[in-house]
Amino acid sequence: MARKALILGISGQDGSYLARSLLLKGYEVIGTSRDAQMNRFSNLIRLGIRDQLQVESVSINDFRTVLHVLKRVQPDEVYNLAGQSSVGLSFDQPVESYESISVATLNLLEAIRFLEYPIRLYNASSSECFGNTEGMAADESTPFRPRSPYAVAKAAAFWQVANYREAYGLFACSGILFNHESPLRPTRFVTKKIVEGACRVARGSRETLDLGNISVVRDWGWAPEYVEAMWLMLQQDGPDDYVIATGESHSLEEFVDAAFASLKLKWRNHVNIRRDLYRPTDIQIGRANPAKAASALGWEARYRMRDVARMMVGAEISRQSTVLDREHEGG
């Protein structure tokens, strides 16, 4: 019998790449969305896997629907990738962010405890939980000092997972992932905004790209690699938490430069810095120490920031070309 995986939030970047990875491993994959009837699952279609898996409508804020889907599917592994995923948006929607991340995770943990199924749970945590570490590389023992509603919710969910693991013996892990990007990122994420803008400029657009604070420093990796780390966590003898990152940090200005440079453009001629786009509070420097993942999981990132920028630009050029070709055919 094939192992069965339930991916909560399958329509997002990580959920889609994880689904593809698990299907290649021979899993039966079931995904959830708040409204599976209305969701186009465009990322799954883009990856060519939509017809290879089942989808269910689940509101993770509602304990009853979470309980029912677990009872109906009876998965071997559950990947909790659902919930509001934008730090910036969480300042505008703090209640929605907290409920969709923290309350939803508690619902999931309690449902697993209630059913007593031998489910292995992966919970998507975030490097945002660390807040400012004064430039020090964060590892699994670094204290949390969240600086956004999103980070507060993720920190609460992390400790709920740890509590249920210790109190009830659940096989529950949290992956503390640093920034990881791909062509499947929506435009509200700054990396995709930069890549899309740079590609339009390369095609002749005279627009100016408006950005906020480009001095912030982050550890950027390649999302398709990071979902492999999620799976590896659930294959271990015992549950634990892991920092997943490249171990290299770069400023957003460097990412902008890498994206424009891959198109043989100078970013300073096409970018406008706006103070009103700065976040109310932000993490100035994000650094990671992923040594535990390397030693315990055998996982290390192959791609670094400049690789990520180059691959995203390549994919975006191809996408924009396809859109233009279709417009010409239709016109």
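Analyst: Helix α7 passes helix α9 in a right-handed crossing, a crossing being right-handed if the near helix is turned clockwise from the far one by less than a right angle, and left-handed if anticlockwise. The model is a predicted one, in which local features need pLDDT of at least 70 and side-chain atom pairs count only at pLDDT 80 or more, while totals for chains, interfaces and linings use all residues. Residues are numbered from 1 along each chain as its sequence is written, and side-chain values use heavy atoms, with hydrogens and water left out.

α7 spans residues 190–202 and α9 residues 252–261, and the two pack at an angle of about 30 degrees with their axes 9 Å apart. Helices here are DSSP runs of H or I with at least four residues, and strands are E runs of at least two, numbered from the N terminus; axes are lines fitted to C-alpha atoms, for helices over the stretch in contact, and angles run from 0 to 180 degrees between N-to-C directions. α7 and α9 are therefore roughly parallel to each other, given that angles under 35 degrees count as roughly parallel, over 145 as roughly antiparallel, 65 to 115 as roughly perpendicular and the rest as oblique. On the α7 side the contact (heavy atoms within 4.5 Å) is made by V190, T191, I194, V195 and A198, and on the α9 side by L252, F255, V256, A259 and F260. These residues divide into 9 nonpolar, 1 polar and no charged, where Ala, Val, Leu, Ile, Met, Phe, Trp, Tyr, Cys and Pro count as nonpolar, Asp, Glu, Lys and Arg as charged, and the others, Gly among them, as polar.

Helices α3 (residues 63–73) and α5 (residues 94–115) pack at an angle of about 50 degrees, with their axes 9 Å apart, which makes α3 oblique to α5. Their crossing is right-handed, and the residues of the contact divide into 9 nonpolar, 1 polar and 2 charged.
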